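Subject: Structure for your review

Dear colleague,

Please find below the structure that I am handing over to you. My notes on what was found in it follow directly after.

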Amino acid sequence: MNAADILLSVGGYTCLWALLFFLAPFVFRKCAFSADIYSKLTKAKQIDLCLRATSIFSATCAWSFGAWNLHKNLSAYAPLNEPNETASLPLLFMTAFFTLDTIVCIYLREEYGATTYQYLCHHAVAILGFYNSLKYQECLWFANYRLLSELSTPLINVRAIMNAFNLKEKYAGVYSANRVLTMFAFFFSRIATIPYFWMLTYRRYDDLINCDWKIIGMLIVSGIVLDFLNIQWFVLIMKIASVEFKKIPKIAKEKTETLKISLREKKDNVYQTIQTAKTDFRENVSYRINRVRRRLSAMRPE
């Protein structure tokens, strides 16, 4: 693909993601779980949530197409310079999303703080790596393999949206399941995939040295940078998970105590209800007996 075709395609997909991005506020204002809270959030937080909603769709598409290409359309040992339009598709729309995300990250740099530079670094190497693979139509298997990392992105963004709209307690089961799935998805899609990527890079060394030097350079540089960031983020996730897991015994104890108190109160209420029913029954029986006695007394001849 030439540069003009790539830029045109990326521009079109960027407009598509931007359309979803600008439609997200209308959805948040209409949904029952978010309508009241969304309008009260800061502008920066509203924009962040809209971007996360868009990212759920882009990441899901990227992972799905990438996984399908690796399974059906590409081979790890096929020629590295074999053009493939289908394998290029997910690279185009993810390059487009990363472009939109880069613009928003720069705009929200104060909201994101130090993580802004991590996001920008991630997006920069990804965009350059995808661009070179698209332009030279080389190493498309490696590029699609990198898209597997997007499996964890929708889960991370769903969790952030649930936190923003105070759904953590209301949907505690869903939130807990999401937390566990995020941890496993992040590990299997971003960490467990690292060894095979570099093992195959080593095995295909003789073929790689025949590729354009830009491809080789970006394959190595982007691989190192992306793996470093993913390991760093995974360590952070594990630290957060460790803190959360340490809270489990305390939370379980509190819930047990709460349950005991609730059961005790129910037992007392049932006992009180039974006692009240007994008293009412006795009074009712006594009233009827006395009433019968009075009637019999009235019927007795003088």
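Does Phe 187 count as buried, partly exposed or exposed, and what is the reason? Please bear in mind throughout that this is a predicted model. Phe 187 counts as partly exposed because its relative accessibility is 33%, which falls between the cut-offs of 20% for buried and 50% for exposed. The residue belongs to helix H9, which covers residues 172-191. Together with Val 180, Phe 184 and Phe 188, Phe 187 makes a nonpolar surface patch of about 370 Å².

The aromatic residues come next. The count of aromatic pairs comes to 21. One of them joins Trp 17 and Phe 93 in an edge-to-face arrangement, with 6.2 Å from centre to centre and 75 degrees between the planes. Trp 17 is part of helix H1 (residues 3-30) and Phe 93 is part of helix H4 (residues 85-107), so this pair ties together parts that lie 76 residues apart in sequence. Trp 17 and Phe 93 are both buried.

A further pair is formed by Trp 141 and Tyr 196. Their ring centres are 6.0 Å apart and their planes stand at 70 degrees, so the pair is edge-to-face; the cut-off for that class is over 60 degrees. Because Trp 141 lies in helix H7 (residues 140-146) and Tyr 196 in helix H10 (residues 194-203), the pair ties together parts that are 55 residues apart in sequence. Trp 141 counts as buried because its relative accessibility is 9%, whereas Tyr 196, at 30%, counts as partly exposed.

Trp 141 and Tyr 196 also belong to one aromatic cluster, together with Phe 142, Tyr 145, Phe 197 and Trp 198. Phe 197 has a charged neighbour as well: Arg 146 lies over the face of its ring, at 4.1 Å from the ring centre.

Finally, I turn to helix H6. This helix runs over residues 115-136, and its 22 residues should span 32 Å at 1.5 Å a residue; the end C-alpha atoms are 32 Å apart, so the two values agree. The buried residues of H6 include His 122, His 123, Val 125, Ala 126, Gly 129 and Phe 130. Asn 132, Ser 133 and Leu 134 are also buried. After H6 comes Gln 137, which has a positive phi, near 50 degrees.

Yours sincerely

Key
Residues numbered from 1 in each chain as written. Predicted model: local features only at pLDDT ≥ 70, side-chain atom pairs only at ≥ 80, totals over all residues. Heavy atoms only, no water. Helix = DSSP H or I, 4+ residues; strand = E, 2+ residues; numbered from the N terminus. Expected span 1.5 Å × (residues − 1). Buried < 20%, exposed > 50% of the residue type's maximum accessible area, 1.4 Å probe, protein only. Patch = residues over 30% accessible without salt bridge, like charges linked within 9 Å, V, L, I, M, F, W, Y side chains within 5 Å. Areas by Shrake-Rupley, 256 points an atom, 1.4 Å probe, with all protein chains shown as cover. Salt bridge = Lys/Arg side-chain N within 4 Å of Asp/Glu carboxyl O. Phe/Tyr/Trp six-rings, centres within 6.5 Å; stacked < 30°, edge-to-face > 60°. Lys NZ or Arg CZ within 6 Å of the ring centre and 35° of its normal.
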